Amino acid sequence: MLALVAGLLLFLGAHSLAIALPEKRAALISQWGEQKWKALVGIVSIAGFVLLVWGYGQARMEPVWLWQSPVWTRHLAALLMLPSMILLVATYVPGTHIKARIGHPMLLATKIWALAHLFANGTLADLLLFGSFLGWAVLGFIIHRRRDRAAGTTYPAVSASRDAIAVVVGLVLYGAFAGKLHVLLMGVSPFGT
């Protein structure tokens, strides 16, 4: 469990500097240069990700159950993952109405992903992993939206075709995960089959 906690601290910590310390982050980027900064954050993030994946895998070997989720929560989680995948893709498709409306679709996607997995999983490791990501995404979304409003930042929408691209690619990604990737990567079918 220690590896999972350390991984979460490193991964979410590296991704929290823009949320918690934007001025300090900007000063460090100015001092070190953007490439060195990205390299450092990337290395810390990768190390954190490896630790949290390994730690979560280890914790799943001897689970500490906090609650037993009913079978139907797997189907609820699978359903919630559909908008989560579309929002994730909309993060990377410039000019969508989705991003114009939401501002930070990746953070909303992360909230939905984490909440969906909390519904369907009831171990201490699940609570640590998905609960940490949920708390981080909620806080990040609130802070970024406040900063956007204070700065008058908007995200212009270009055309509905951009949204169509996000939806189609999101559906394909969802299909890939629901059909094969979740089983290959996690060893668990989202539909319990």
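Ring pairs link Phe11, Phe49, Tyr56, Trp113, Phe130 and Phe133 into a cluster, where rings of Phe, Tyr and Trp (its six-membered ring) pair if their centres lie within 6.5 Å. The structure is a predicted model, in which local features need pLDDT of at least 70 and side-chain atom pairs count only at pLDDT 80 or more, while totals for chains, interfaces and linings use all residues. Residues are numbered from 1 along each chain as its sequence is written, and side-chain values use heavy atoms, with hydrogens and water left out. Helices (H or I, at least four residues) are DSSP runs numbered from the N terminus.

**Aromatic pairs**

- A search of the whole structure finds six aromatic pairs, and one of them, formed by Phe11 and Phe133, is tilted, with 5.8 Å from centre to centre and 45 degrees between the planes; planes under 30 degrees apart count as stacked, over 60 as edge-to-face and the rest as tilted.
- This pair links distant parts of the chain, since Phe11 belongs to helix H1 and Phe133 to helix H8 (residues 124-151), 122 residues apart.
- Both Phe11 and Phe133 are buried, a word that here stands for under 20% relative accessible area, with exposed meaning over 50% and partly exposed in between (1.4 Å probe, protein chains only).
- Phe133 also forms an aromatic pair with Trp113, and this one is edge-to-face, at 5.4 Å centre to centre and with 85 degrees between the planes.
- Trp113 counts as partly exposed because its relative accessible area is 25%, whereas Phe133 counts as buried because its relative accessible area is 10%.

**A charge over a ring**

- The charged end of Lys111 sits over the ring of Phe141, 4.0 Å from its centre; the rule asks that NZ of Lys or CZ of Arg be within 6 Å of the ring centre and within 35 degrees of the ring normal.

**The nonpolar core**

- The largest nonpolar core has 29 residues, and those with the most contacts inside it are Leu4, Leu8, Leu52, Ile98, Leu129 and Phe133; such a core is a set of buried Ala, Val, Leu, Ile, Met, Phe, Trp, Tyr and Cys residues joined through side-chain atoms within 4.5 Å.
- Two or more residues of this core come from each of H1, helix H4 (34-61), helix H5 (72-92), helix H6 (97-102), H7 and H8, and H8 gives the most, with eight residues.
- Leu8 has its place in helix H1 and is buried because its relative accessible area is 7%; Leu8 and Ser45 are 37 residues apart in sequence and 9.5 Å apart in space, C-alpha to C-alpha.

**The surface patch**

- Met1, Val5, Leu9, Val64, Leu66, Trp67 and Leu127 make a nonpolar surface patch of about 590 Å², with accessible areas taken from the Shrake-Rupley method with a 1.4 Å probe, where for residues only the protein chains shown count as cover.
- Patches are made of residues with over 30% relative accessible area and no salt bridge, with like charges joined within 9 Å and nonpolar side chains (Val, Leu, Ile, Met, Phe, Trp, Tyr) within 5 Å.
- Val5, found in helix H1 (residues 2-14), is partly exposed because its relative accessible area is 31%.

**The salt bridge**

- The count comes to one salt bridge, by a rule that asks for a side-chain nitrogen of Lys or Arg within 4 Å of a carboxyl oxygen of Asp or Glu.
- The side chains of Lys38 and Glu34 meet in a salt bridge at 3.2 Å, N to O, and both residues lie in helix H4, four residues apart, about one turn of the helix.
- Glu34 is partly exposed because its relative accessible area is 45%.

- Lys99 lies in helix H6 and is partly exposed because its relative accessible area is 22%; Lys99 and Thr154 are 55 residues apart in sequence and 9.3 Å apart in space, C-alpha to C-alpha.
- Leu107, which is found in helix H7, counts as buried because its relative accessibility is 9%, and the C-alpha atoms of Leu107 and Val93, 14 residues apart along the chain, are separated by 15 Å.
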